Amino acid sequence: MNRDKKAPLKLSKVSLIICIAAFVFSGISILISYGMNKNAQRMYEHPYTVSNSARAMRSRLWDMKSFSGILLTHDFQEKTDKESFFQARYDMQNEAIETIRELYLGPASDVDSLSSAMDTLIAVQTKACSYVDDHSADKIQNYMDENVYPCYDQVSDCLTTIIDFADAKIYSLKEQVQKSGVTATIVSLIIAFSTIGLTILSSRQERRNIEMLISREHELQDALFLAQQSSNAKKDFLSRMSHEIRTPMNIIVGMTTIAGANLEDKNRIKDCLSKIAFSSKHLLMLINDILDMSKIEAGKLSANNVLFELPQMFETLVPAIYSQATAKGSAFECEFSSIISDTVIGDSLRINQILLNLLSNAVKFTPAGGTIRLNVSQSPVKNGKTRLTFKVEDNGIGMSEEFLQHLFTPFEQEDGTVSRKYGGTGLGMAITKNLVGILGGVISVKSKQGEGTVFTVELPVEVPEEKEERKNGALENLKVLVVDDDEGVCTHASILLKKMGIDADWVQRGSVAVQMVLKAHEEYCDYNVCLIDWKMPDMDGIEVARRIREELGPDTLVIIISAYDWSEIELEAKAAGVDAFIAKPLFESSLYQVLSSVICAENDKKEESKTSSISFKGRRFLLVEDNELNQEIAAEILKVAGAEIECASDGKEAVDKFSTSPNGYYDLILMDIQMPIMDGYEAAKAIRLVDREDADHIPILAMTANAFHEDEAAALAAGMNGHIAKPIEVDTLYRKISELLE
């Protein structure tokens, strides 16, 4: 088998150590060289700046010395001008000294000497400024020669010392460091390549010698291994097949015999029939798994890709797993993230079989009180393709490291106790891995005994071309409240709703949801739809729906979210006021479909009852509005409900009409705010001050485009009873007027 196959190049431990040492040494040498060059550059920059600063300072010093005598005898308008002239130059010199002090790499005493000499020069020259006032030119010159010029020379000597040191430092350090860096780099590279070359040559020679000695042994071992492998595989398969089939058959035959011998003992017969049914089920599972394995090994299974909806697949899968987990006393959680396309092209049947195998095993091997999680995500679409990632996690009995090596081998189970306690054929994982491979995916597993297991499956699927985005005008401007004790479900639902252009709030407790719905109603910003989870700890979804209906009536739509089969609670839920149901997990397509159906149905219902449910017949309203078109629209809306309308075009006209009308003539006043002559606030205050019985209690409703909270507060402060924002929503207007009239 290995005759034509070359043995891979394998280095000895010594060779590896040599190679590693060579590379390490080379790396260190290069780093040292690099560091030396950096330090040299840094040292070069500092002395260079010091040298330039010292030279500039010395140049200014010579200029001052050359012209100091002239400057001291020069007639300035004031003595302070002369002092300011010299002080400007002293400041420049002192600034240069500070720069030198900061960057100078030589002895600090050099800079201290320079600073001291400069201070002495300043003091002596300042004294000379006073001396020149009362002395002749000859005496001044003598004074300068004896006292001032020596100080200049002392400063110049200090600068020369610093300049010489800086210049020497520049060139010596730069040359020395560069030479060291180049030398270290060359040496390290020579050593590294020499060591590597010698090591490779030595290893190749050693490999040739070994290959010549063991080539025939390999051939014999390979032939023997293949023969033994083939024989053992056949023997193992037949042995396991025989054992797995005979065991349930033996139970069926044995229990049948026992039942036949105890025909008068009903309990005994019942027990036997139960065991026969269980064994028959096990036998059928075994035969089905064996047929699948046979097809896989014969290469008769292939992917059958079709267009399918992910929501449809999970609508059947998730409730089934929920039921299994609930029956065992475990919890099942399902999370979805980054689902880009609900519709994909793939083998839905095989994907469903893979997930069912993994989730059923997770339920089977997770004791009561445990948790099984399914997380589904989707990678970004690229060239019409994406990858679905399924993560099945449980905190069950887990598996040992040793068994994980054989997990996907047919008929393998942890030990005999697992088979006896949990059942199973030992073929499920082998079938699952093969199905994943047929679909072009990968499967991985992490597990720790006593802590649980995590399976991760990645499957490639295609995404059909995007269709024209569906839009439903009825869903625009909806306000939705999501209620679920699982934060992940709440955030996922909010993301889906946002993609549809719908604003959503969410809470995790039913009691809080009821409070939020009531508060929104009081603030005239009701929720249109409430998506409520069926099972929550403090208050279940049906009870939340019942409370909402008791407080608000039928206006807010209620949709129950559930991963369970809701047929058992459907009658109770509808009696509590639930409008519809939607299955977990939530998908954009399923959520859109349910919302569209309930909203459309509700809109149809409202259209039928809009004009018949509310009537203002026999009521007279004063409509105060300066815009003729708005006045006409509002008047027509109110007349539809049977109200008699009188209009005023500004606040003053409204006050006059109210003041001259009989007591109780108007039932309500609708007041615009921004109007000429007199605005709505002033008009409301004036009406409240009219001396008549109904002035202090006639309802005044602000009806304006000013929609902020501050505007509402200002309306109430002016004596109005309520506030409604334009553009006018008919239902909200009717409801608010009805409340005020009541």
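Begin by selecting Arg 509 and Asp 538, whose side chains meet in a salt bridge at 3.7 Å, N to O (a side-chain nitrogen of Lys or Arg within 4 Å of a carboxyl oxygen of Asp or Glu). This pair links distant parts of the chain, 29 residues apart: Arg 509 sits in the loop between strand S9 (503–507) and helix H12 (510–522), and Asp 538 in the loop between strand S10 (529–533) and helix H13 (541–552). Helices (H or I, at least four residues) and strands (E, at least two) are DSSP runs numbered from the N terminus. Arg 509 is partly exposed, with a relative accessible area of 46%, and Asp 538 is likewise partly exposed at 37%; buried means under 20%, exposed over 50%, and partly exposed in between, with a 1.4 Å probe and protein chains only.

The model is predicted, so local features need pLDDT of at least 70 and side-chain atom pairs count only at pLDDT 80 or more, whereas totals for chains, interfaces and linings use all residues. Residues are numbered from 1 along each chain as its sequence is written, and side-chain values use heavy atoms, with hydrogens and water left out.

Next, select Lys 652 and Asp 656, which form a salt bridge of 3.3 Å, N to O, and which both lie in helix H17 (residues 651–660), 4 residues apart, about one turn of the helix. Relative accessibility is 41% for Lys 652, which counts as partly exposed, and 37% for Asp 656, also partly exposed.
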